[in-house]
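User: I'd like to learn how to read salt bridges and helix faces in a model. Can we go through one together?

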Amino acid sequence: MSNDESKASVKPVKAEKSAPQRAMEKLGLLRDIDLALHLPLRYEDETRITRIADARDGEPAQVEGVVTDSRIEFRPRRQLVVRLDDGSDELVLRFLHFYPSHQKALAVGKRLRVRGEPRGGFLGREMVHPAFKPVDEDTPLAAALTPVYPTSAQLPQAYLRKAVTSGLSRASLDELLPPAMVPRHLPTLKEALHFLHHPAPDVSLATLEDHSHPAWQRLKYEELLAQQLSQLQAQRERAALKAPALRARPGGLHEKLLAALPFALTKAQHRVAEEIAHDLARAQPMHRLLQGDVGSGKTVVAALAAAVAIDAGWQCALMAPTEILAEQHFRKLVGWLEPLGIGIAWLTGSRKGKARTQMVERVRSGEAQLVVGTHAVIQDDVQFAKLGLAIIDEQHRFGVQQRLELRRKLESAGGEALEPHLLMMSATPIPRTLAMTYFADLDVSTIDELPPGRSPIVTKVFADGKRDDVIARIRDEVERGRQVYWVCPLIEESEALDLRNATETHQQLVEALPGHQVGLLHGRMPAGEKAAVMGLFTGARMSVLVSTTVIEVGVDVPNASLMVIEHAERFGLSQLHQLRGRVGRGSVASVCVLLYTPPLSDTGKARLKAMVETTDGFEIARRDLDIRGPGEFMGSRQSGAPLLRFADLAEDEALLREARRVAPQLLDRHPAAARAHVARWLGGKAELLRA
Ligand code: ADP
Ligand code: MG
């Protein structure tokens, strides 16, 4: 009997869950604390009665009066029309949908409390479909504002309200943080939550809406503190780990590499190379992000780090997200490092059979000192003799799991409890506030300068109607011996459409540019063919390369001077920036043309505008964060880890700083409280946040 069957046969007969219960589960409202943290979207004021004469058109109001007339009218359609009088004035209540029970509740002589927005109607002022309830003269008013919660169609507001109120009363909201570790003007968590669910009627609604009220601040602070604590714990756990100390030897391989390079490092490259060397020399694993704009020269910095590791007698792995990029790194590194006697292996998904077995064997034996490849590098059968340094290029393209696996490659080999040093590289800089929250357990080195002699890229935006002009421009460029990229977008729903688009553009350019070689590159081509096309383009025998986004990352052809991006409105901002970075790598003046198909959405406009206005990767990242918000910005990295629910990094930098300041004190002086706090806020998700 299979596992499934055995489960089915002993499955207890449970009472069916009601629709609202299931809807609550879908919203993630499972535990009392979840309910307590489910905060209102807005509030209704049922604490006051407005005189009908004073109620203003279009403004929500609660009135109370007695029904003086109640009848069904048939014109223009069947409806229930009720007159309410409170002594100050009359109000018509109009119901287009109603049941006999409505008629009963709204009968002449009943006293009602009614909430809605009055409008001037044909017969005087009226409310259409107001909320109402029967009352006595002495029915008390609500003492607090009535919360309106985010909900779904299957979950009635009244049901949810009750559930939240009882969840709130049951949830354990003991104050975990010592008072000295909470900014003085903030209430306790319990006070804050009770207040936010049932605010006193005299509160300024504006401070609740813009979340500047101290009760909101308390929640944000709690949340930020939990994240800081979790990052800090991770940092300390890592500090307790051991890594091989890889010391750079005077006159060692890295110095030989420096001497052999055809260029001098920029100041920024020198600085980051030194930061990395400093980390490598320590017996704790490095956990460093090397960020630098496209074209800033990260690869050579990685090669220097590899040289240090190899010189110290250890292996280095370099993992890139695509075959094309891995191959390009491989070529470049072979050019730099093989002359120094370093053995380099090459592992990708397309390398199979005997060739692969041989490579894997060279990695296992340690004969391959540097291993370059794609995800293939972390396959189970790849065992390193002595992995000392793992480098991940374009790290944002990899998930948390893959990073963890690469780090594990040493344990599986050595037996000693050692971890390799980890260097991650990215051209998408992390904005400072994000770095402080999500990447607090990460040291960052930044290359903030481009190699000399680069000419700036000019970016132009055209509607697709200008296509012919753009093709004429391409002709000019290729006649002058320059090379051109034309990028077609990936159409996610349909790879076939995507391909057709690229194929048609390719055809069009082939016809428009007789005498020049125009190539096509797309994701579905066999790796060998891709490599052949790339080879022709890098070797300058091909003038124009039409491609889907497979060239997005890292490709380096300095003679390319024109980049055309078709349907630029479909790309994300950082993707556009990456693509643009394929040109402007040499000394020739370069142009990036963004073709779009109108109409443009607001965010589409904002993206293209940002591209025209700046070529600075940091500015681009900042604007990207503005346009998309942190949730999307973080994208794949988070793989299910929670983003901030309450805090807003753009607005709450001051609270974030405070949380950063307090987290180490809390962890040192009140470790149990720190643990409980992280558990309350992050539960099992803490692990993911740190990887
Ligand atoms: P990225 O940071 O985008 O990965 P690369 O490492 O591909 O950039 O470098 C871009 C180009 O600049 C390469 O052709 C590289 O050889 C060259 N390069 C790197 N550093 C320098 C330098 N200091 N001076 C001149 N050219 C450099
Ligand atoms: Mg690169």
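Analyst: Helices (H or I, at least four residues) and strands (E, at least two) are DSSP runs, numbered from the N terminus. This is a predicted model, in which local features need pLDDT of at least 70 and side-chain atom pairs count only at pLDDT 80 or more, while totals for chains, interfaces and linings use all residues. Residues are numbered from 1 along each chain as written, chains are lettered from A and ligands numbered from 1 in written order, and side-chain values use heavy atoms, leaving out hydrogens and water.

User: Which residues of helix 2 are buried?

Analyst: Buried means under 20% relative accessible area, exposed means over 50%, and partly exposed lies in between (1.4 Å probe, protein chains only). In helix 2 (residues 19–26), Pro-20, Ala-23 and Met-24 are buried.

User: What do the buried residues of helix 2 pack against?

Analyst: They pack against helix 3 and helix 5. Contact here means heavy atoms within 4.5 Å.

User: How many salt bridges are there?

Analyst: A salt bridge is a side-chain nitrogen of Lys or Arg within 4 Å of a carboxyl oxygen of Asp or Glu. By this rule, the count is 39. One of them joins Glu-25 and Lys-17, at 3.1 Å from N to O. Glu-25 is partly exposed, at 35% relative accessibility. Lys-17 is partly exposed too, at 42%.

User: Which parts does the Asp-32 and Arg-170 pair tie together?

Analyst: Their side chains meet in a salt bridge at 2.9 Å, N to O. Asp-32 lies in helix 3 (residues 32–36) and Arg-170 in helix 5 (residues 157–170), so the pair ties together parts 138 residues apart in sequence. Asp-32 is partly exposed at 25%, and Arg-170 is exposed at 51%.

User: Where do Arg-271 and Asp-448 lie?

Analyst: This salt bridge spans 3.2 Å, N to O. Arg-271 is in helix 10 (residues 267–280), and Asp-448 is in the loop between strand 16 (443–447) and strand 17 (457–463), 177 residues apart. Arg-271 is partly exposed at 33%; Asp-448 is exposed at 56%.
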